[in-house]
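The sequence and the structure are shown below.

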Amino acid sequence: MRLSKGPALLAVVALLISTVGDEVALVALALRGADRTGLTSVVSAQMLAGLVPGIALGGPIGRIVDRFRLDAVLGVTLALECLIATAAAAFADGPLLLIATMLFLGALGAVAQTCVMALVPRLFPASDAQLRINGVMESTRNAGYIVGPLLVGLLTAHGGTGLALAVDAGTFAFALLAVPVITHWLSASPARPAPEADTPPAPAEAAKGGLRAGLSLLWTGAQRRTALATIVVTVASTSGVNVLMPFFARDIPGGTASYGIVLATWSVGLVVGPFVLRGRLGNLPTAVVAVGAAATIGLSYLVTAAYLVLPVMLAASLCGGMANSVQNVALRTHVMADCPQEVRGRVGAAYGATLQSAVAVGFALAGLAPAEVARWGILTGGAVAFVVGSAGWLRTRALTAPAPADAHASVPPRQTSEAEAS
């Protein structure tokens, strides 16, 4: 039975509405923590509480997603997020409750993200369809990073953080509308096709493994190892840059006002970036695109810190934001497109834990740099990402080009399939 694109896209939109809710929750709870406690340590602990579950609970999350029906896991997760946001609006006032709320929402958000990662290749078997859907998801999620804080500001001004958290609960309730559509999909979807000859195998022990099994499968194959290793290094170096950027604001012509424009320009790039994959760039192997985008991100930071001319900085920020979202879409598609169905949850959880760990390392390293050398820190981080990304791009291309037998090692986005949604 062939799947219809109309209900498919409606379900994806409903799920992605909840990403705005994720950003609303993050900002609203941070504002409440600052307002009710006045302690930076509490807000810092809230941020860490939202990040840690995706790393520490990768194994259990992956096993849950692989063991149970995806629609059931997603439905329960969204319902719990709705309940917790509602309870937080009424009762989360003290430091412990505020941190616990972020911890629970962070864990549930990691489950929901892993579910969606596993659903995309299940419902859209063709790699070109996966690339399009992942692009829609990335643009919508990044738009949420812009809309979420604006929405929180308006809601908090008129009804406090309680109103913002109540609206947050409503976004999760709205996302639940997608679950019946997904249930119908899963019951009507065609049988999974036999894996390609060079698709990474799922060993028998993976059925009993957790995060370790997911990591083992995630890092299978020379090309995949090269792409992931390159991007782990570039993500760590550019995450450190993000910590240093606020201290760099004093060096920018125009001060904090210009700094805000630079950040907004990056955000615009995040939203529009995935659309470039609909052109010629979308015909290239996804691993090559992802690693090339990583090098471009490093170059954008390098140019931003080297040339303190606002138009140049804005152009670099726009290109950097676009490359950031292209990297995310291409790498996610590359990792999941040829992943065996029975281990997609663990591979998705391992993917999230790997990148979040790289971000945490970058944050920690940047904390060692004095504020006075922020510009040099950004130059260094950008240079490391550019050099490592460029070397990784050359190596990834070399692993892609030589032999036709390697064609599926990096999934060509335009490859079609009889099971493709129509």
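## Helices α11 and α14

Helix α11 and helix α14 (residues 374-400) cross at roughly 155°, and their axes come within 7 Å. That makes α11 roughly antiparallel to α14; angles over 145 degrees count as roughly antiparallel, those under 35 as roughly parallel, those from 65 to 115 as roughly perpendicular and the rest as oblique. Axes here are lines fitted to C-alpha atoms, for helices over the stretch in contact, and the angles run from 0 to 180 degrees between N-to-C directions. The crossing of α11 and α14 is left-handed. A crossing is given this name if the near helix is turned anticlockwise from the far one by less than a right angle, and is called right-handed if the turn is clockwise.

The contact of α11 with α14 comprises 16 nonpolar, 8 polar and 2 charged residues. In this classification Ala, Val, Leu, Ile, Met, Phe, Trp, Tyr, Cys and Pro are nonpolar, Asp, Glu, Lys and Arg are charged, and the others, Gly among them, are polar. Contact means heavy atoms within 4.5 Å.

## Basis of the model

The model is predicted: local features need pLDDT of at least 70, side-chain atom pairs count only at pLDDT 80 or more, and totals for chains, interfaces and linings use all residues. Residues are numbered from 1 along each chain as its sequence is written, and side-chain values use heavy atoms, with hydrogens and water left out.

## Leu-302 in helix α11

Leu-302 is located in helix α11 (residues 286-306). With a relative accessible area of 23%, Leu-302 is partly exposed; buried means under 20% relative accessible area, exposed means over 50%, and partly exposed lies in between (1.4 Å probe, protein chains only).

When neighbours within four places in sequence are left aside, Leu-302 is in contact with Leu-379, Gly-382 and Ala-383. The C-alpha atoms of Leu-302 and Phe-386 are 8.2 Å apart in space, while the two residues are 84 residues apart in sequence.

## The chain as a whole

The protein chain has 14 helices and 0 strands. Helices (H or I, at least four residues) and strands (E, at least two) are DSSP runs, numbered from the N terminus. Of the 422 residues of the protein chain, 49% count as buried. Among contacts between residues at least 6 apart in sequence, 87% join residues at least 24 apart.

## Helices α5 and α6

The axes of helix α5 (residues 95-123) and helix α6 (residues 127-175) cross at roughly 150° and come within 9 Å. α5 is therefore roughly antiparallel to α6. α5 passes α6 in a right-handed crossing.

On the α5 side, the contact is made by Gln-113, Val-116, Val-120 and Pro-121, and on the α6 side by Gln-130, Ile-133, Asn-134, Met-137 and Arg-141. By class, these residues divide into 5 nonpolar, 3 polar and 1 charged.

## Helices α12 and α13

Helix α12 (residues 310-337) packs with helix α13 (residues 344-366) at an angle of about 145°, and their axes are 10 Å apart. The crossing of α12 with α13 is right-handed. Asn-328, Leu-331, Arg-332, Val-335 and Met-336 of α12 make the contact with Arg-344, Val-347, Gly-348, Tyr-351 and Leu-355 of α13. The contact of α12 with α13 has 6 nonpolar, 2 polar and 2 charged residues.

Asn-328, which lies in helix α12, is buried, with a relative accessible area of 17%. Apart from neighbours within four places in sequence, Asn-328 is in contact with Glu-138, Arg-141 and Tyr-351.

Arg-346 is found in helix α13 and is buried, at a relative accessible area of 6%. The C-alpha atoms of Arg-346 and Pro-60 are separated by 8.5 Å, although the residues are 286 apart along the chain.

Ala-369 belongs to the loop between α13 and α14. Its relative accessibility is 30%, so Ala-369 counts as partly exposed. Ala-369 and Gly-240 are 129 residues apart along the chain, and their C-alpha atoms are separated by 9.5 Å.

## Cysteines

A disulfide is taken as a pair of cysteine sulfur atoms within 2.5 Å. By this rule the count is 0 disulfides. Cys-115 is buried at 0% relative accessibility, whereas Cys-319 is partly exposed at 44%.
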